[in-house]
Amino acid sequence: MNTKRAHEAAARSAEPTTALTLQQALWLELMQFYIREAWLLDERKFKEWLDLFTDDVLYFMPRRKTCRAGKRSAS
Amino acid sequence: MGITRKYAVIEPATGKLDRRIFSEPAVYDDEMEKIFGRAWLMIGHESLVPAIDDFFHTYMGEDPVILTRDGHGRLHALLNMCRHRGNRVVRCDDGNAKRFMCTYHGWTYRNDGALDHVPGEAQAYYDALDRPSLGLIEARVETYAGIVFATWAKDAPSLEAYLGDARWYLDTVFNRRDGGMQALGPMKWLEPVNWKTLVDNCSDNYHVPTSHLSSARVQTRWLGRPPLSHEDQFASPNQHAFVNGHSITFRDADDNAPRYVHGVSKETFRLFQEYHDATMPEVERRLGTLRARRVQLGNHSIFPNGILGLRLALPRGPLKTEFWHFVLLDRDAPEEIKRAIRIGSQANNGAAGMFEQDDVDNWRQVTLASTSRFGRRHPQNLSMGLGHAGPHPDYPGLVSERYISENNQRLFYRRWEEFMNAESWAQIPLDPIKSTFEGTATMRG
């Protein structure tokens with residue numbers, strides 16, 4: 001979904017109480033994206049799943065580390 | 001501890017291996033005493049504790065150990081167990097501290113292990129506590145090119161003698177540069193596999209074209225690596241060598257190409273070639289011409305549980321192993337090289353590594369087979385290349401004729417028997433150092 005269009009559509013809506021803020025529209029779009037990503041993985045559509053990535057993606061999974069209270073892990 | 005059980009688990013003439021050593025709790029208990037209680041164990045790297053008062057929490061077998069650097073810069077390996085009731089005095093993975101206080105009753109130890117303070121020493125103990133004898137239990141520590149080893153055995157030989165001629169090969173990775181190496185990590189995860197299966201797999205090049213076919217295809221397609229086949233492996237000029245329990249596979253090539261490390265791809269190859277060319281004079285000065293130009297260490301293990309560089313197979317019961325995956329980098333390598341190796345290493349090995357995942361399911365099944373009531377009556381077959389290994393004029397250790405061989409595996413289980421059947425270190429045979437270590441590199445780096 002296009003965020004701007006969703007926002008405009010929401011803004012055009014007759015009931016002011018149903019209008020979405022930009023932030024809400026973005027949140028909806030993100031949820032749609034995650035649902036689609038999960039569905040692609042569940043259906044083993046890995047090529048389509050790969051197409052979701054941009055070329056400059058950084059996939060980062062932090063290492064779990066036990067630290068002293070009050071100290072934050074650097075890695 | 002009383003009567004020593006005599007183990008005969010590998011038949012030298014046939015290569016038949018008793019599966020029960022992978023699952024029986026009594027065997028495992030013996031291993032903890034006779035192997036992990038005696039051998040020099042890899043526990044970390046000096047770069048994990050670079051500064052005065054740094055510490056890093058690690059393990060010797062199942063025992064939690066604090067690797068510390070004291071106020072004088074000396075390294076210590078201290079059992080993480082308060083001498084009073086046994087609470088752990090360190091609860092985090094690393095840090096910097098002059099003292100460790102037990103959170104149970106407040107006994108406080110210096111980072112060299114000495115018991116420094118006991119609450120109520122005068123009043124509650126009437127000054128009768130023998131404080132000097134109640135320091136943290138300390139293991140012997142020695143280093144090889146920055147890699148830290150420790151042993152509980154007072155009668156163990158020096159680390160130099162323990163590594164023996166295996167160091168002739170290990171130097172080609174771990175002792176290459178004047179600036180030494182640095183360790184990143186570790187990444188840790190648990191697998192339901194017996195620790196020995198990972199170790200013996202370090203010399204198993206037979207599985208590579210089968211187990212790792214899909215990963216190898218990915219590498220061929222996306223990284224420009226040559227395709228992998230059984231035929232290539234059988235015809236490979238690469239070899240195996242075995243010294244004192246340490247398994248080595250190595251490549252003998254004089255093609256002036258950079259040694260294969262994680263992170264080499266079409267895009268990065270030039271970078272690695274430039275690094276290889278730029279550092280060759282230094283490497284040749286450090287290791288001599290033969291080792292610098294021709295010998296390239298491949299997969300290897302350091303007895304008992306050091307696997308593929310600074311990686312540990314930490315036993316957690318007969319049917320479980322904790323993997324610790326560090327990445328070792330030449331400290332003075334350019335940042336682009338470090339980045340490529342760091343990312344490449346994790347793409348191949350480590351919890352999410354392609355190759356690691358290929359391997360682990362095989363090992364799970366091998367471990368499971370050793371628990372099968374009927375299956376475990378039938379031995380593993382490690383007969384490959386029987387009678388096709390021996391001394392070599394150029395290379396130290398017992399060297400196999402081919403890259404694909406189970407010579408190292410048979411000898412690994414022989415070494416296991418030697419440790420398990422010995423009453424003390426005096427009964428464990430050790431090959432004397434015979435190699436000439438050309439160049440300036442030493443145990444100290």
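Let me open with a question: leaving aside residues up to four places away in sequence, which residues does Arg225(B) touch?

Confidence, then. For the complex the predictor reports an ipTM of 0.71 together with a pTM of 0.92. Chain B has a mean pLDDT of 94, with 99% of its residues at 70 or more, while chain A averages 82, and 73% of its residues score at least 70. Within chain A, the element with the lowest mean pLDDT is helix H1, residues 3-12, at 65, and the one with the highest is helix H2, residues 22-42, at 96. Where pLDDT is low, the predicted coordinates should not be read in detail.

Now back to the arginine. The residues that Arg225(B) touches, with those up to four places away in sequence not counted, are Gln219(B) and Thr220(B). Arg225(B) itself sits in the loop that links helix H6, residues 213-223, to helix H7, residues 230-235, of chain B. Is Arg225(B) buried, exposed or partly exposed? There are 17 other C-beta atoms within 10 Å of Arg225(B), and so this residue counts as partly exposed, given that 20 or more would be needed for a buried residue and 12 or fewer for an exposed one. As for Asp204(B), this residue is 21 residues from Arg225(B) in sequence, and the two C-alpha atoms lie 20 Å apart in space.

Let me turn to the overall layout of chain B, which is divided into domain 1, covering 41-142, and domain 2, covering 164-427. Taken over C-alpha atoms, the centres of these two domains of chain B are separated by 34 Å. To the contact between them, domain 1 of chain B brings eight residues and domain 2 of chain B brings 11 residues. On the side of domain 1 that touches domain 2, strand E2 of chain B, residues 41-45, gives the most, with three residues, and by class that side of domain 1 has four nonpolar, three polar and one charged residues.

Next, a sheet in chain B. The strands E7, E8 and E9 of chain B form, in that order, an open sheet of three strands with antiparallel pairing. Strand E7, 99-101, and strand E9, 115-117, are the edge strands, each pairing on one side only, and neighbouring strands of this sheet are turned against each other by 35° on average, direction ignored. Strand E8 of chain B, residues 108-110, pairs with E9(B) over two bridges in the antiparallel sense, and opposite Tyr109(B) in E9(B) stands Leu115(B).

Not counting residues up to four places away in sequence, Leu115(B) touches Arg83(B), Trp107(B), Tyr109(B), Arg131(B), Leu134(B) and Gly135(B). Of these contacts, let me pick out Arg131(B), which is 16 residues from Leu115(B) in sequence and 6.2 Å from it in space, C-alpha to C-alpha.

Further along chain B we come to strand E14, residues 246-252. Five of the seven residues of this strand are buried, so E14(B) is largely enclosed by the rest of the structure. Strand E13 of chain B, residues 239-243, pairs with E14(B) in the antiparallel sense over five bridges, and His240(B) has Thr249(B) in E14(B) as its bridge partner. In the hairpin of these two strands, which has two residues between them, Asn244(B) takes a positive phi near 50°. E14(B) is also joined by five bridges to strand E15 of chain B, residues 295-302, with the two running antiparallel, and here Asp252(B) stands opposite Val295(B) in E15(B).

Finally, chain A, which has three helices and zero strands, so that I can describe its elements from the N terminus on as α-α-α. Of the 75 residues of chain A, 1% count as buried. In the contact between the chains, five residues come from chain B and five residues from chain A, and the side of chain B that touches chain A has, by class, two nonpolar, one polar and two charged residues.

Technical notes:
Residues are numbered from 1 along each chain as its sequence is written. Chains are lettered from A and ligands numbered from 1 in the order in which they are written. This is a predicted model: local features need pLDDT of at least 70, side-chain atom pairs count only at pLDDT 80 or more; totals for chains, interfaces and linings use all residues. Helices (H or I, at least four residues) and strands (E, at least two) are DSSP runs, numbered from the N terminus. Two strands pair if DSSP finds at least two bridges between them. Two residues are in contact if their C-beta atoms, placed from the backbone, lie within 7 Å. Ala, Val, Leu, Ile, Met, Phe, Trp, Tyr, Cys and Pro count as nonpolar, Asp, Glu, Lys and Arg as charged, and the others, Gly among them, as polar. Axes are lines fitted to C-alpha atoms, for helices over the stretch in contact, and angles run from 0 to 180 degrees between N-to-C directions. Domain bounds come from an automatic or database domain assignment. pLDDT is the predictor's confidence in each residue, from 0 to 100.
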